[in-house]
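Biologist: I would like to learn how to read a structure like this one. Could you walk me through it?

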Amino acid sequence: MNVKINDTVRVITGKYKGKEGKVLTTSPKHNTVIVEGVNIVHKHEKARRANETSKIVTEEAPIDVSNVEVVCDKCGKATRVAHAVIDGKKVRVCKKCGAVLDKAYSKKAKAEAGTQEEAPKKRVRKRSAKTAEVEETAESTSAVTGEE
Ligand SMILES: [Zn+2]
């Protein structure tokens, strides 16, 4: 299946045609997905215990994965999914604009950028620690309270 959890998908056919929602669960075994706010069913739940009340609950029922298309973050279109290999990793890409659809991949790219930003910060901390050691005890304690 080309649809994964947390994808935003658009329903392309059926009663909920045109509706967009987040994928809550996928079932590759049955080729179905549960999409937030799509295919709402009412379940009549009977009270089983004394402190429970009978009620009607609404919840999403699974729909066939072929009824939905992934919505591209970049171009905003519902698209079929193409595949590409970037940095030796297979990723899903938008068939219409070529943007990477895998959120995990873009998250990783962001995380890598984050570690690069963090590295100089660590160096700054080390420098300040060294200067604190050189300085008198009273001054270093005031520096510590200043950091807090
Ligand atoms: Zn796109």
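Biologist: Is Y16 buried, exposed or partly exposed, and why?

Modeller: The general idea is to count neighbours: a residue is buried if 20 or more other C-beta atoms, placed from the backbone, lie within 10 Å of its own, exposed if 12 or fewer, and partly exposed in between. Y16 has 19 other C-beta atoms within 10 Å, so Y16 is partly exposed. Bear in mind that this is a predicted model, where local features need pLDDT of at least 70, side-chain atom pairs count only at pLDDT 80 or more, and totals for chains, interfaces and linings use all residues. Residues are numbered from 1 along each chain as its sequence is written.

Biologist: Which residues does Y16 touch, not counting those up to four places away in sequence?

Modeller: Two residues are in contact if their C-beta atoms, placed from the backbone, lie within 7 Å. By that rule Y16 touches V11, V38 and N39. Y16 and N67 are 51 residues apart in sequence, yet 9.6 Å apart in space, C-alpha to C-alpha.

Biologist: In what order do the strands of the open sheet come?

Modeller: Strands of a sheet pair through backbone hydrogen bonds, either parallel or antiparallel. Two strands count as paired if DSSP finds at least two bridges between them. Here six strands are ordered β6-β3-β2-β1-β7-β8, with antiparallel pairing. At the edges are β6 (63-64) and β8 (78-79), each pairing on one side only. Within the sheet, four bridges join β2 (residues 20-27) to β3 (residues 32-35), and S27 stands opposite T32.

Notes
Helices (H or I, at least four residues) and strands (E, at least two) are DSSP runs, numbered from the N terminus.
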